[in-house]
Amino acid sequence: MNQTQPFLLRLSNRVSLVTQILIGIIAGVALAVLAPSAAESVGLLGNLFVSALKAVAPILVFVLVLSSIANHKKGSQTSIRPILALYLIGTFVAALTAVVMSFIFPTTLVLVSTGIEASPPEGIAEVLHTLLFQIVDNPVNALLTGNFIGILAWALGLGMVLRHGADSSKHVFRDISDGVSSIVRFVIRLAPFGIFGLVASTIAATGFDALWGYARLLAVLIGSMLIIALVMNPLIVYFKIRRNPYPLVFKCLRESGVTAFFTRSSAANIPVNMDLCKRLNLHEDTYSVSIPLGATINMGGAAITITVLTLAAVHTLGIEVDLGTALLLSVIASVSACGASGVAGGSLLLIPLACSLFGIPNEIAMQVVAVGFIIGVLQDSAETGLNSSTDVLFTAAACQVEEAKATVSKAAANKA
């Protein structure tokens, strides 16, 4: 049977998916350098891959959460509360780190004119207002628009009700969940081709010439994100699991962060994260909720972007910042980042909200947003990679602690 399989299929089964993705990245860079016109054409592969992930993500989250809640056994432990705490702590630490980095390496901007027509939110109340109305969104509209807060709310509600339903109904949703998961695994197997197309077309179309003028700003942004990914997040996880966190950290960065970096979409990376959680043998009732929840509120990368660009505007205008105001900015950036998914344009359009803390007029703040779009090729990629890999990291850490506690309790009960 194995001999009848095509050579490429047999080869793909032997080579790990991460290795295949790395090959796709190298091939994409080479094609962009050698044949830019051909590289732009293969962008179709990347667009198809991202569209496929975005298409399957809402229905995957809906049926998986619904099925997990409906089939939840009484007495089975989940870890949503500690994961939520980790999300909030991680986002605040990210904002605080960005403040420190911005003061150590102050940057100024050459402000540019902007053609952005979108209206930024006028305050945190508006951000939270949008977030609350996402919860009570029409379920069909939530699925169509990828509103994961609304999808989660409906899936949790229906799952709770169906827990008291017939076993046959529960089995139907379990079968649907397994079927959608199989489709997701097929889409993820296409990742090397999708990443190849994304890398080739992005480098061929944009290059990096426009980024050199903002090299210092990018260095502060990317440097802050690297500190969070390689220092602060591991510290948070260490205090949670009390052992070396780096094997888990590197696995999450390698298998979630790399894909998210190139797709530049937290929603598109939800299926990838779900698949990784399954391979890490985490509790399905936990990760089926925590991963889509993380994609909407666990926004350490967004907090860094909001903070660094806001303080760059502050330094450009020569505004003095005291310690209390810097701490307040960290809080505002954290809360704003948690609501970033509810605002068109994501973290960049929340910059005027943070700028208002320093009395910076909206016209100048929107010019800072325009700078954000210029550096978005790297800024948005790194931000998404950090956000998405952290979702899995914190979920895995909390699940491992709960599993260890359950093992100790079981051992104590057997001993007694």
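A salt bridge here is a side-chain nitrogen of Lys or Arg within 4 Å of a carboxyl oxygen of Asp or Glu. Keep that in mind as you move through this predicted model.

**Stop 1: Glu-255 and Arg-279.** Select both side chains. They meet in a salt bridge, 2.7 Å from N to O. The pair links distant parts of the chain: Glu-255 sits in helix α12, Arg-279 in helix α13 (residues 266-279), and 24 residues separate them.

**Stop 2: Lys-251.** Its side chain also forms a salt bridge with Glu-255, at 3.0 Å from N to O. Lys-251 and Glu-255 are both in α12, 4 residues apart, about one turn of the helix. Is Glu-255 buried or exposed? Glu-255 counts as buried because its relative accessibility is 14%, and the cut-off for buried is under 20%. Lys-251, at 24%, counts as partly exposed. Arg-279 is partly exposed too, at 43%.

Stop 3: Select residues 246-263. At 1.5 Å a residue, these 18 residues should span 26 Å; the end C-alpha atoms are 24 Å apart, which agrees. Look for the bend of about 35 degrees at Gly-257. Gly-257 is one of the buried residues of α12, which also include Leu-248, Cys-252 and Phe-262. Step just past the helix to Arg-264, where phi is positive, about 55 degrees.

**Stop 4: Glu-284 and Arg-174.** This salt bridge has its closest N and O atoms 2.9 Å apart. It links Glu-284 in helix α14 (residues 284-297) to Arg-174 in helix α9 (residues 167-189), 110 residues apart. Glu-284 is partly exposed, at 23%. Arg-174 is partly exposed, at 25%.

How values were computed:
Residues are numbered from 1 along each chain as its sequence is written. This is a predicted model: local features need pLDDT of at least 70, side-chain atom pairs count only at pLDDT 80 or more; totals for chains, interfaces and linings use all residues. Side-chain values use heavy atoms; hydrogens and water are left out. Helices (H or I, at least four residues) and strands (E, at least two) are DSSP runs, numbered from the N terminus. The expected span of a helix is 1.5 Å times one less than its number of residues. The bend at a residue is the angle between axes fitted to the seven residues ending there and the seven starting there. Buried means under 20% relative accessible area, exposed over 50%, partly exposed in between (1.4 Å probe, protein chains only).
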